[in-house]
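Subject: Structure handover, salt bridges

Dear colleague,

Here is the structure we discussed.

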Amino acid sequence: MEDFRDFICYEMKMTMKKIEKHFTRSLKEYSLNFAQSLILFSLLEKDGCTLSEIGNRAQIENSSLTTMADKLEKEGLVERKLDIQDRRIIRLFLTEAGRNTGQIVFAEGAAFNRRLKTILSGAEKDLLAALKELRGHLT
């Protein structure tokens, strides 16, 4: 019988678990987790997104997204505003503190990404291409 620890999906999960744990350690002083940092990154790219837009960008389930947005709002990092054209739509905006925190955390994420690229010794392009190929077949 094949050892499940040799499954590609197992290796990917274990690797991502370690990556997320390592990156989350750098987020502790900001009271953020990995997924919450992705929300801030999404808003840095395009402030005023709906929760659905953020969920699509960051690949976060809507059920978790609302709770995370509540926490970010409570921390003073984001604020909800009604859409000016359609008041049924709620948009999320960074506060000044959220923008500052997001930029700091993004810089830490970029530094961590550079570290991962160094570890991969130039193989990151092949790895990214292979992961995209896998995602394309598993939709």
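A residue is called partly exposed when its relative accessible area lies between the cut-offs for buried, under 20%, and exposed, over 50%. By that rule Arg57, at 41% relative accessibility, is partly exposed. Please keep in mind that this is a predicted model.

Nine salt bridges turn up in a search of the whole structure.

Arg57 pairs with Glu45, and their closest N and O atoms are 2.9 Å apart. This pair links distant parts of the chain, with Glu45 in helix H2 (residues 34-45) and Arg57 in helix H3 (residues 51-58), 12 residues apart. Glu45 counts as exposed because its relative accessibility is 60%.

Helix H3 also takes part in a second pair, through Glu53. Here Arg91 is the partner, with 3.4 Å between the closest N and O atoms. Arg91 sits in strand S3 (residues 90-94), 38 residues from Glu53. Both ends are partly exposed: Arg91 at 21% relative accessibility and Glu53 at 28%.

Asp70 is partly exposed at 40% relative accessibility, and Arg80 is partly exposed at 26%.

Finally, Glu53, Asp83 and Arg91 form one network, joined by salt bridges that share partners.

Regards

Conventions: Residues numbered from 1 in each chain as written. Predicted model: local features only at pLDDT ≥ 70, side-chain atom pairs only at ≥ 80, totals over all residues. Heavy atoms only, no water. Salt bridge = Lys/Arg side-chain N within 4 Å of Asp/Glu carboxyl O. Helix = DSSP H or I, 4+ residues; strand = E, 2+ residues; numbered from the N terminus. Buried < 20%, exposed > 50% of the residue type's maximum accessible area, 1.4 Å probe, protein only.
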